[in-house]
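Open your viewer and get your selection tool ready.

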Amino acid sequence: MAELSKTYEPKQVEEKWYRKWMEDGLFHGDSARGGEPYCIVIPPPNVTGILHMGHALNNCIQDALTRVARMQGKNTVWVPGTDHAGIATQNVVERAIKKEGLTRDDLGREKFLERVWEWKEQYGGTIINQLKKLGSSCDWERERFTMDEGLSDAVLEIFCRLYDKGLIYRGHYIINWCPRCQTALADEESEHIEVEGALYHLRYAVKGEKHKLVVATTRPETMLGDTAVAVNPRDERYKHLVGKTVVLPIVNREIPIVADDYVDPEFGTGLVKVTPAHDPNDFEMGLRHGLSQINVMTDTGIMNEHAGPYAGMDRFECRKQLMEDLKAGGLVEKVDKHMHAVGHCYRCDTVVEPRLSPQWFVKMKPLARPAIEAVNDGRIKFVPERWNNTYMNWMENIRDWCISRQIWWGHRIPVFYCDACNHEWASKAAPAACPECGSADIRQDEDVLDTWFSSWLWPFSVFGWPQENNDLEFYYPTRTLVTASEIIFFWVARMIMSGMEVMGDIPFDTVYIHGTVRDDQGRKMSKSLGNSIDPLDIIEKYSSDALRFSLLMLTATGQDVYISDEKFELGRNFGTKIWNAARFMEMHSVGFDVKDLAFDKANLTPDDQHLLAKLNEAIASVNDNLSRYRFNDATLALYDFFWHSYCDWYLEYAKPVLYKGSPEQKRHTLQVMHFAFSSAMRLLHPFMPFQTEELWHGMGYNHDCESIMVAPWPEQAVVSGIDPSIVKYVDGKHDLVRVGRILRAEYNLAFKQEATFHVRPATDEYAGQIEADGESIMAALKADRLGVDVNFSPKGAMPSGISALGTIYMSIEGLVDVEAEIKKLSAELDEVNGHLANVKKKLENPSFVNKAPREVVALQEKRQEELVEKGEKLRKMIETLRS
């Protein structure tokens, strides 16, 4: 047994053990070993990312599950990696070269991509190193990157397969366009935010008539691209107008009035402007009526030549000037404030512009059907279950996925065009000539694929697909996917679809959706609010284990996690408590052989039995709660066992034996102590890996298993034959001591002051048990004498309290300066009565009761109850002292 340092030194311990685990290859799984596989694939963080609290929570959960499986003897693999993050990474590098006075166009595609790869090599490993600081036991030998050679091959393979099946096509449709990033976005990448805008009611003149029609729009600048006005065919107000023409203000273009069922006659005036190039619904309407499509903006959000006098203006600048011009011409009916959801780019927050553009799409409905069935029939379950509905609603109404992006960093679309014969085909390898006509006049599509098009293959591409190999066969499907709700659509649903399409099997059996990390005011962590807490700062201040344990103890299943810097003290203090307990044991274990923990069950004391029963309960609770992803309850069970059952109670009761007992008694007690402590260490390891490994070695428990990482996981009760009635008695004894300590506190007895206690047990059996346990109870109560009598009745007033075993009395004779104590308590009572009078006055005031918020009134009512109770208690204590 090595000597433990006086205080736990997390920094050197964490560096030492992580290095040792890596050197010994303890994180690595090998399919050749066989056994039961357990595999988790990490949600790959962006290569641009740095560790934030959301990452920390996500990876603490994954690591806990992985470490448990490893200790259970499963063939465990947690596959790490990073995502190339197309738009985000390109933006970072473009900002970097901008400082050099350059743009990507100045460099050209090839040189720009060289710069991106250089940036990735220099900075791309930041978040990986931070995950290691967290203690993540990933199989780093298997680390992948979504643009490494193998994953790139997988992307090309799936694209060509889906293209050849007719599931990938190019179409001219309305897409979400980011003018800042200058690329298309998938529907899920356009984040809709409620904003207060305006609803503009504009007047359009009917050709040849004096009256004007009023149409409403939230984006008046798009009216410059209007090609019709639509009415509902059953709207009697406007039937006579169908087929007529209106004159578009400013540009004076004549456009038809059409009838279409899409128009809601109850909304606004029942008249709708139709802009097929700038609205998805108008686009569909335009196809039905053969309307022209007029795009009035460039890809940077600048008005183009079709915008007439506003050409060259920014879209919002155009809106302002256009409205001034329309007002000047008497063409504005009114402008109303209007709350509506506006799409914003998920990367740069720019307002998204619906825009007509040629893009590549995946047909999703054929892929969705098997993925819907996989959740419907229970092969995949969501935890919490409520996310099933979210998944189903999206899948059943799924739209085709826009997969092309107008950037350079990413997997280039493997489609080629022959300019000689107009042939188009998909190919994994760059062809030298057209397969149809043999011409060398060929070119590749300029666009790249959406980042998610590579990560949707993650559960099988990380194991070498499309190549067949033992790893892929052994580790797929994976087990639990741990992720956040915001990427159910981006990633989770698409992985299920690709897994069913490519592998013919589910990619994982459970999707655990954890909550969002928020500050203690309930706000989401963000730089703009200044409320972000850096996990690395917490690790530096408190330790990695403190961060992990505190986060998990705050994580109720699927609920948001509310944190503040101070909440991490919980994990730090818990670790300190355990460390001090270990040092206490070490101090008394000189000459003790920790290899021999086979205690004699016949000699188990009530306290021994109680401790072992609580250990059994902790094992059962941790296993049950982990199976239900209740990490807060699992960690709470461990906290209660260590802090209360082990440290507060058992160590205290053991002290008389350790200090004064016979060698045999001491040896027996140490056997029980070390047996319970080493078992609980194994339970705690997945949550606090560094400190448990340090104690595993420091306490000498590594004689069978060199690392606690591979020590057997406690699956079930470790000790049988515990007498439940004895456990119940010891619970009662704890309550008896608790009540006795309250009596000491009420009369302000100093820690070293000994008092005489008397117990009137509720039963004769309790009387015998208390007498047999007298020495340990006296030690816990700091008592000089403990009387036990089922018929005890004090001769005069004596402070007392009722416990589970009976009534306990404390004699204060000679311990308290009665007059001084009465004076002090009387002053306290006067203060309480004063506060009580103020509260009563408030509650008797109808104006306060009727006008104040209900929660404020309830607070005062509760305060009144507390003051009444405290006053009665003080009066009783004064009466006791006087008598």
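This is a predicted model: local features need pLDDT of at least 70, side-chain atom pairs count only at pLDDT 80 or more; totals for chains, interfaces and linings use all residues.

Beyond its neighbours within four places in sequence, Phe677 is in contact with Ile578, Ala582, Met585, Phe642, Tyr646, Leu695, Met699 and Tyr701. Now widen the view to the largest nonpolar core, which has 181 residues. Phe453 and Phe677 are the ones with the most contacts inside this core. Colour helix α20 (residues 631-660) next: with 13 residues, α20 supplies the largest share of the core. Another core lies apart from this one; it has 43 residues, including Val730, Val759, Ile822 and Leu874.

Keep Phe677 on screen and show the rings around it. A cluster joined by ring pairs takes in Phe549, Phe574, Tyr639, Phe641, Phe642, Trp643, Tyr646, Tyr650 and Phe677.

The count of aromatic pairs comes to 44. For one of them, select Phe463 and Tyr475: the rings are stacked, 5.6 Å centre to centre with 20° between the planes. Phe463 sits in the loop between α13 (458-461) and α14 (470-475), while Tyr475 belongs to helix α14, 12 residues apart. Are these two buried or exposed? Both Phe463 and Tyr475 are buried.

For the last stop, select helix α10 (residues 365-376) and helix α15 (residues 488-503). Their axes are 8 Å apart and they pack at an angle of about 105°, which makes α10 roughly perpendicular to α15. Show side chains where they meet: Leu367, Ala368, Pro370, Ala371 and Ala374 from α10 face Ile496, Met497, Met500 and Glu501 from α15. By class, this contact has 8 nonpolar residues, 1 charged and no polar ones.

Conventions
Residues are numbered from 1 along each chain as its sequence is written. Side-chain values use heavy atoms; hydrogens and water are left out. Axes are lines fitted to C-alpha atoms, for helices over the stretch in contact, and angles run from 0 to 180 degrees between N-to-C directions. Helices (H or I, at least four residues) and strands (E, at least two) are DSSP runs, numbered from the N terminus. Angles under 35 degrees count as roughly parallel, over 145 as roughly antiparallel, 65 to 115 as roughly perpendicular and the rest as oblique. Contact means heavy atoms within 4.5 Å. Ala, Val, Leu, Ile, Met, Phe, Trp, Tyr, Cys and Pro count as nonpolar, Asp, Glu, Lys and Arg as charged, and the others, Gly among them, as polar. A nonpolar core is a set of buried Ala, Val, Leu, Ile, Met, Phe, Trp, Tyr and Cys residues joined through side-chain atoms within 4.5 Å. Buried means under 20% relative accessible area, exposed over 50%, partly exposed in between (1.4 Å probe, protein chains only). Rings of Phe, Tyr and Trp (its six-membered ring) pair if their centres lie within 6.5 Å; planes under 30 degrees apart count as stacked, over 60 as edge-to-face and the rest as tilted.
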